[in-house]
Amino acid sequence: MNPISAPFGTTLDGAAAQLFTLTNAHGLQASITDYGGTVTSLLVPDRHGVLADVVLGFDSVAGYQSPAYLRSGPYFGALIGRYGNRIRGGRFELNGKVYTLATNNGPNHLHGGLKGFDKVIWKAEPGTSADGATLKLTYQSPDGEEGYPGTLRVTVVYTLTADNALRIDYTATTDRPTPVNLTNHSYFNLGPGPDILAHELTLRADRYTVVGDTLIPTGELRPVAGTPFDFTTPHAIGERIAQVEGGYDHNWVLTGGTEGAATVYEPVSGRVMDVFTDQPGVQCYTGNFLDGTLTGQGGRVYGKHAGFCLETQHFPDSPNQPGFPSTILQPGEVLRSTTSYQFRVR
Ligand code: GLA
C-alpha cells in the first residue's frame, strides 16, 4: 500500500495524530503528519544511492509540542497559514476596516498567529494520482480565527512524484476578502554535517526586500548585486553569512522563469535540490535561532544553522505594503499555487 498510515501520537488537545508515508519507485520516502500538515522526514538518496533524511523533524507529535519546541517556535516542516511570515504590529486595514491579529513575535504577527495552520489537525486523505502517491489535506479556518476575516477553506495536496519531487499544491477559497499567504516551513540539510554552511546556494533573485529592526520590510526592493545577498551565482551559505546581522532571514524577489527559484548543492553527499514555484518571493532562513535545545530524528541535535528553509511565498507584511503584490483573496476567486522540491545528485 502506498501511502501507508500509522499512529503518530496524541496532541496536547487529546487528538490522535496520524503519519502518512509516501514512497516512489526510486526509494524516496516522504512522511507527513496531519498535525500541521507537517513533513516530518524525507528520505533522499546521495550520489551512491544511500538514503538519508534531508529534513529536520521528530518521530512523534510530542516533539512538535514539547515546551522547548513551543517556546522557540521553529515551525519544522509545517504548513503555514493564514499568512506566512510577519504582519507589522499584528494589524492591517482592508476595505476601510482595521483588523487586529495575534502578536506572537515581538510586536508583530508571525506565521498565522498563536494557533496557526501548523498547530491544527488537518483532514487527511491518502491517495494516488498519475504523478505518484498523494496526501490531500483540508482545513476550514473559521471566520475570525486569529483575527482574520472570512471562512477560509484550504486544500493542500502533497505528491511524491516519479521524478523525485515533493510537490505541494495549495488551493484556497474565502467567503470574505482576507489576506492569504500559504507556505511550507521545511528545514533542509542535504548532507551528513551538523550545519548547512557549506551547502552551495543559487537563488534566482536579483532583489530582496529590505527589513527594519523587527524584520518588517521597509518597502524597498534592493538589488542584490555587490551584497552578501547575491546568490545569482552559487555561493556557500556560510561564505558571507557573518556580514549579515543575525544570519540570513530575508525574502528574495524571484526573477521567475523555468530554471526554478533556487538550487542547493551539498558537496559531500552530492545531493542537489531544485525549488520550483509560482510565488513571487522566497524567504531564505538559515536556522539562526536554533540553539541545540532540540534533538530530532535519529538523535540529531539541532544547533545553529542545522537547516535552511526556502519558504516560497508572497512578500512579508504585504497587507500593509501597497507597493507589494496583493495577497488579498476575494470571494469567488480560487487561490492556486504550486511549489516543488526536486532532488537529483551530482
Ligand atoms: C521564518 C522567520 C524567522 C523565524 C522562522 C521560524 O523564517 O522569518 O524569523 O521566525 O520563520 O523560527
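Me: Is F188 buried or exposed?
Reply: In this predicted model, F188 counts as buried, at 2% relative accessibility.

Me: Which strand holds F188?
Reply: F188 is found in strand β17, which covers residues 187–188.

Me: How far apart are F188 and Y64 in space, C-alpha to C-alpha?
Reply: The C-alpha atoms of F188 and Y64 are 17 Å apart, and the two residues are 124 residues apart in sequence.

Me: Now the ligand. Which residues come nearest to the ligand?
Reply: There are 15 residues around the ligand, and R86, H111, H185, D249 and E311 come nearest.

Me: What is the make-up of that shell by class?
Reply: The shell around the ligand has seven nonpolar residues, five polar ones and three charged ones.

Me: How far is a polar side-chain atom of H111 from an oxygen atom of the ligand?
Reply: The distance is 2.9 Å for H111.

Me: And what is the distance for the side chain of D249?
Reply: An N or O atom in the D249 side chain is 2.4 Å from an oxygen atom of the ligand.

Me: What about E311?
Reply: E311 has a polar side-chain atom 2.8 Å from a ligand oxygen atom.

Me: How much of the ligand does the protein bury?
Reply: The protein buries 97% of the 300 Å² that the ligand exposes when taken alone.

Me: Which pocket does the ligand take up?
Reply: The ligand takes the space of the largest pocket.

Me: Back to D249. Where does D249 lie, and is D249 buried or exposed?
Reply: D249 lies in strand β22, residues 249–254. D249 counts as buried because its relative accessibility is 8%, under the 20% cut-off.

Me: Where is H111 placed, and is H111 buried or exposed?
Reply: H111 is in the loop between β10 (109–110) and β11 (123–129). H111 is buried, with a relative accessible area of 4%.

Me: Which value does phi of N164 take?
Reply: Phi of N164 is near 65 degrees, again a positive value in a residue other than glycine. N164 lies in the loop between β13 (152–161) and β14 (165–174).

Me: Does N164 count as buried or exposed?
Reply: N164 counts as buried, since its relative accessibility is 16%, and the cut-off for buried is under 20%.

Me: What is the geometry of the peptide bond from G81 to R82?
Reply: The bond from G81 to R82 is cis, with omega near 0 degrees. Most peptide bonds are trans. R82 is placed in the loop between β6 (79–80) and β7 (86–87).

Me: One last residue. Where does H109 lie?
Reply: H109 lies in strand β10. H109 is buried, with a relative accessible area of 0%.

Me: With which side chain does the side chain of H109 make a polar contact?
Reply: The contact is with the side chain of Y148, at 2.7 Å.

Key. Residues numbered from 1 in each chain as written. Predicted model: local features only at pLDDT ≥ 70, side-chain atom pairs only at ≥ 80, totals over all residues. Heavy atoms only, no water. Near = heavy atom within 4 Å. Polar contact = N/O pair within 3.5 Å; in protein donor to acceptor, adjacent residues only side chain to side chain. Areas by Shrake-Rupley, 256 points an atom, 1.4 Å probe, with all protein chains shown as cover. 1 Å grid on protein atoms, 1.4 Å probe; cavity = no way out; pocket = protein on both sides within 12 Å on 5 of 7 lines; lining within 4 Å. Sits in = over half its atoms within 2 Å of the grid points. Nonpolar A, V, L, I, M, F, W, Y, C, P; charged D, E, K, R; others polar. Helix = DSSP H or I, 4+ residues; strand = E, 2+ residues; numbered from the N terminus. Buried < 20%, exposed > 50% of the residue type's maximum accessible area, 1.4 Å probe, protein only.
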